Structure formats: C-alpha cells, structure tokens
Amino acid sequence: MPRYPAPPAPPRRAALAAAAVLSTLALSACAVPRAVPDAHVPPFARVPYEPFSRAAVVAIALREWRLFGEPVDDDPPGSRPPPAPEDKPERQEGLWQRVGEYWWLGLNAGAPESAWTGKHDASGAVFSPDIDGDYAWSAAFVSYVMRIAGAGPRFPYSADHADYINAARRESLGQTNKWLVSAERVQDYAPQPGDLVCFGRGKANGLRYEDLPTPALFTSHCDIVVDTSVPGRISVIGGNVEDSVTMNQVPVTPDGKLATPDGTVLDTRFPWMAVLRLLVDN
C-alpha cells in the first residue's frame with residue numbers, strides 16, 4: 001500500500017450493508033445495540049477517569065508507534081519500494097490484532113467495520129493484501145487514540161477522516177458547539193501537540209479550508225501532532241502509513257505554521273487542508 005493510503009471512497013458504505021448482515025449473524029452472540037455507541041469502551045476512557053488532555057493524546061499515539069517498532073518515514077512519497085505482502089506490519093501477528101482493536105474500540109458499537117482487523121473482514125475471512133486499501137484504518141487509528149484518551153461523546157468517531165474534518169469546520173463556524181475539535185486555517189494557526197493536521201487525497205487533493213464543510217465525504221488523511229519542540233519542524237504520527245503506525249517530520253515556519261522545507265509556503269508534499277485544534281487547555 002502506498003504511503004498515506006486513502007480511506008475507501010464514501011460509496012463503500014452501501015457495499016458494507018451486505019457484509020454487515022453477515023457479520024451480525026456471525027457475531028449475534030456478542031452483538032451490541034447501535035443505541036449504545038460506547039458499549040465497547042472500557043470504563044477508564046468512557047467515564048473518563050482522567051480529564052481528556054493533549055498530553056493523553058500524545059502519550060497514546062507514541063505508545064502505539066512504539067508498539068509498531070517506531071518506524072519513521074521522511075522519504076519523498078512513493079520513493080520507497082512497497083513491502084512484500086507477507087511483510088506488511090498490519091498483517092503481522094500481534095499487530096493485525098491491534099488494528100482490530102482500533103476498529104473495535106475506535107468506532108461506535110454496531111459499525112460494520114468494527115469487526116475488521118489488519119487482515120480480516122467482518123466475517124473473519126482473510127482479505128488479499130492487494131485490496132487492503134478497501135480496509136484502510138488511518139481514521140480508525142485517530143478515533144481509537146481520541147477514544148482511549150477520554151474524548152467521550154465529544155469526538156465524531158468515524159472510519160472516514162472527512163467526518164471529523166467537516167464536524168470540526170462546523171464547530172469553527174459556530175454551527176455546533178458539541179465537538180472538542182475546531183478546524184483552523186493552516187496559514188493562521190500553528191499546530192500544537194495533540195492537534196490533527198489534515199489534507200485531501202485523490203480527487204480531494206484540491207479541497208481547501210474554504211471548501212469546508214463539504215456536502216459529501218471525501219478521501220483524506222490526518223496525522224496527530226506529537227512534538228513541536230524542534231525549531232523548523234513538528235513530529236506527527238499517523239495510522240496506516242506504510243501499513244503501520246509511522247512518524248513523519250513536517251517542516252514549519254519560524255512561528256510554527258505548516259511550511260515547505262525552505263519555510264516560505266505550504267508544504268508541497270502534502271496539500272494541507274486544515275489543522276484540527278483540540279479545544280482543551282492542557
């Protein structure tokens with residue numbers, strides 16, 4: 001899978017309906033009503049035991065990165081040869097199960113994708129590595145981190161980044177006040193630890209902040225900012241990057257805004273769309 005694989009196109013949700021029926025039969029013994037979206041969530045995160053914080057988001061993202069072996073990819077996109085199918089981290093013992101936990105815990109109970117893993121569909125059948133883009137888990141990873149950090153009902157958990165990008169933009173427009181993320185223009189706001197940096201992919205490559213919120217879903221990717229202490233760059237961690245949980249170093253201007261390596265304009269490697277700012281003080 002290429003670097004920053006796109007989530008499946010929005011129409012996949014219709015195709016998932018049939019799979020959901022089969023998985024419901026297979027999982028009927030442990031089925032959970034949709035009316036209880038956090039039914040899978042442990043009490044420490046659901047209550048939560050500790051207030052949601054930037055520090056918690058960063059610590060959980062770094063924990064998952066360490067679990068996957070601390071991969072770092074700062075090479076130009078597409079310059080690394082893809083791994084052999086059998087070597088993809090998401091399909092390795094101990095890691096495909098972890099991806100399954102991202103789906104199970106990150107998404108709301110009853111979501112068709114909640115029974116997926118890094119190599120299995122909702123019925124438990126192994127899918128081919130060639131179609132793993134249909135099971136892209138980058139948004140599930142972000143949802144998992146936010147859920148376990150204690151965001152509770154204040155984060156729009158989803159298998160698609162576009163859901164929480166649009167929700168965050170509605171928050172910044174004042175159309176809602178129920179989310180703890182607000183979309184900020186990349187030229188105006190310097191990302192802080194715990195924030196999300198997001199860009200469009202594929203046909204959504206040209207989407208910009210001014211186009212948000214969109215009437216429909218779009219292919220996109222978001223990474224979690226984990227460090228801003230080094231001048232000229234920030235460290236971000238994303239799920240399903242190189243089929244793993246991977247860190248990247250992103251160039252920023254002297255005042256911390258997203259930039260190209262020369263510090264003058266937006267980074268041409270990534271068509272940055274927005275920064276999703278966490279609405280917390282710590």
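## Strand β1 and its partner

Strand β1 is joined by four bridges to strand β6 (residues 272-278), and the two run antiparallel; strands here are DSSP runs of E with at least two residues, helices are runs of H or I with at least four residues, and both are numbered from the N terminus. Two strands count as paired if DSSP finds at least two bridges between them. Within this pairing A183 stands opposite L276 of β6, while E184 has V275 as its bridge partner.

The model is predicted, with local features requiring pLDDT of at least 70 and side-chain atom pairs pLDDT 80 or more, whereas totals for chains, interfaces and linings use all residues. Residues are numbered from 1 along each chain as its sequence is written, and side-chain values use heavy atoms, without hydrogens and water.

Strand β1 (residues 181-184) is covered on both faces, with V181 and A183 on one side and S182 and E184 on the other all buried (under 20% relative accessible area, with a 1.4 Å probe and protein chains only).

## The sheet

Six strands form an open sheet in the order β1-β6-β2-β3-β4-β5, with antiparallel pairing. Because β1 and β5 (244-251) stand at the edges with a single partner strand each, one side of each is left without a neighbour in the sheet.

## Helix contacts

Helix α4 (residues 96-106) packs against helix α5 (residues 138-148) with their axes 8 Å apart and at an angle of about 65 degrees, where axes are lines fitted to C-alpha atoms over the stretch in contact and angles run from 0 to 180 degrees between N-to-C directions.

Conventions:
Buried < 20%, exposed > 50% of the residue type's maximum accessible area, 1.4 Å probe, protein only.
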